[in-house]
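Please read it alongside the sequence and the coordinates.

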Amino acid sequence: MKSFTYDSPDEAATTALGQALAAQLPAGTTVALNGPLGAGKTRLVQAIAAAVGVEPDTAVSPTFVLVQEYHGTRDVIHVDAYRLRDEEEFLSLGAEEFFESPALVLIEWAERVAGCLPLEHLRVDISETGDSSRRFTISAIGSRLEPIVTELARKV
């Protein structure tokens, strides 16, 4: 399966999606998170990070610092591309090193640096459908992650 859509009725369901994602993602996977302000990108990152043993209050939006690294049972590199001028600035942060590491690389506002993303990555498009409800469209970009999407769709 190349993509599927998950309708989350509330924050608890979004947390469950993040936990399921964390359980399925192989080491070194990049997840491109896209959606408007307030869509839930950081909330999903927090759920993924918590699922790999990061203290819940540790994972915050790195809007002003641009990159946060979290250490749990798995390492997470959390990038916020919102304030970046261009893809060159993204690369100057060490993006190529992120992509070569075994960490989960979670990029908010990834559409702003789309040309720099690895050929194989997971794309998560988020839209608001209500005050606390969200629609997540999760897509495998490249064939390597298609089984992950299929299994995720089965589990959530």
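## A buried tryptophan in a loop

Trp-109 sits in the loop that links β5 (104-108) to β6 (121-128). The model is a predicted one. Although Trp-109 is not a glycine, its phi is positive, at about 60°. Most residues other than glycine have a negative phi. Trp-109 has a relative accessibility of 12% and therefore counts as buried, since the cut-off for buried is under 20%.

## Aromatic pairs

The structure contains two aromatic pairs. In one of them, Tyr-82 and Trp-109 are tilted, with 4.7 Å from centre to centre and 50° between the planes. Tyr-82 belongs to the loop between β4 and α3 (87-92) and Trp-109 to the loop between β5 and β6, so this pair ties together parts that are 27 residues apart in sequence. Phe-90 and Phe-99 also form a tilted pair, because their planes stand at 45° and their ring centres are 6.2 Å apart.

| Residue | Relative accessibility | Class |
|---|---|---|
| Tyr-82 | 34% | partly exposed |
| Phe-90 | 0% | buried |
| Phe-99 | 18% | buried |
| Trp-109 | 12% | buried |

## The sheet

Seven strands make up an open sheet with mixed pairing, in the order β1-β7-β6-β2-β5-β4-β3. At its edges are β1 (3-8) and β3 (67-71), each of which pairs on one side only. On average, neighbouring strands of the sheet are turned by 20° against each other, direction ignored.

Strand β2 (residues 30-34) and β5 run parallel and are joined by four bridges. Val-31 has Leu-106 in β5 as its bridge partner.

## Helices on the sheet

Helix α1 lies across β1, β6 and β7 (134-141), and its direction makes an angle of about 145° with β1. Helix α2 (residues 41-51) lies across β2, β3, β4 (75-80), β5, β6 and β7, running at about 165° to β5.

Helix α1 (residues 11-24) also packs with helix α5 (residues 146-155), at an angle of about 145° and with the axes 10 Å apart. The crossing of these two helices, α1 and α5, is right-handed. On the α1 side the contact involves Leu-17, Ala-20, Leu-21 and Gln-24, which meet Ile-148, Glu-151, Leu-152 and Lys-155 of α5. Sorted by class, this contact of α1 with α5 has five nonpolar, one polar and two charged residues.

Key. Residues numbered from 1 in each chain as written. Predicted model: local features only at pLDDT ≥ 70, side-chain atom pairs only at ≥ 80, totals over all residues. Heavy atoms only, no water. Buried < 20%, exposed > 50% of the residue type's maximum accessible area, 1.4 Å probe, protein only. Axes fitted to C-alpha atoms, helices over the stretch in contact; angles between N-to-C directions. Left-handed = near helix turned anticlockwise from the far one by under 90°. Contact = heavy atoms within 4.5 Å. Nonpolar A, V, L, I, M, F, W, Y, C, P; charged D, E, K, R; others polar. Pairing = 2+ DSSP bridges. Phe/Tyr/Trp six-rings, centres within 6.5 Å; stacked < 30°, edge-to-face > 60°.
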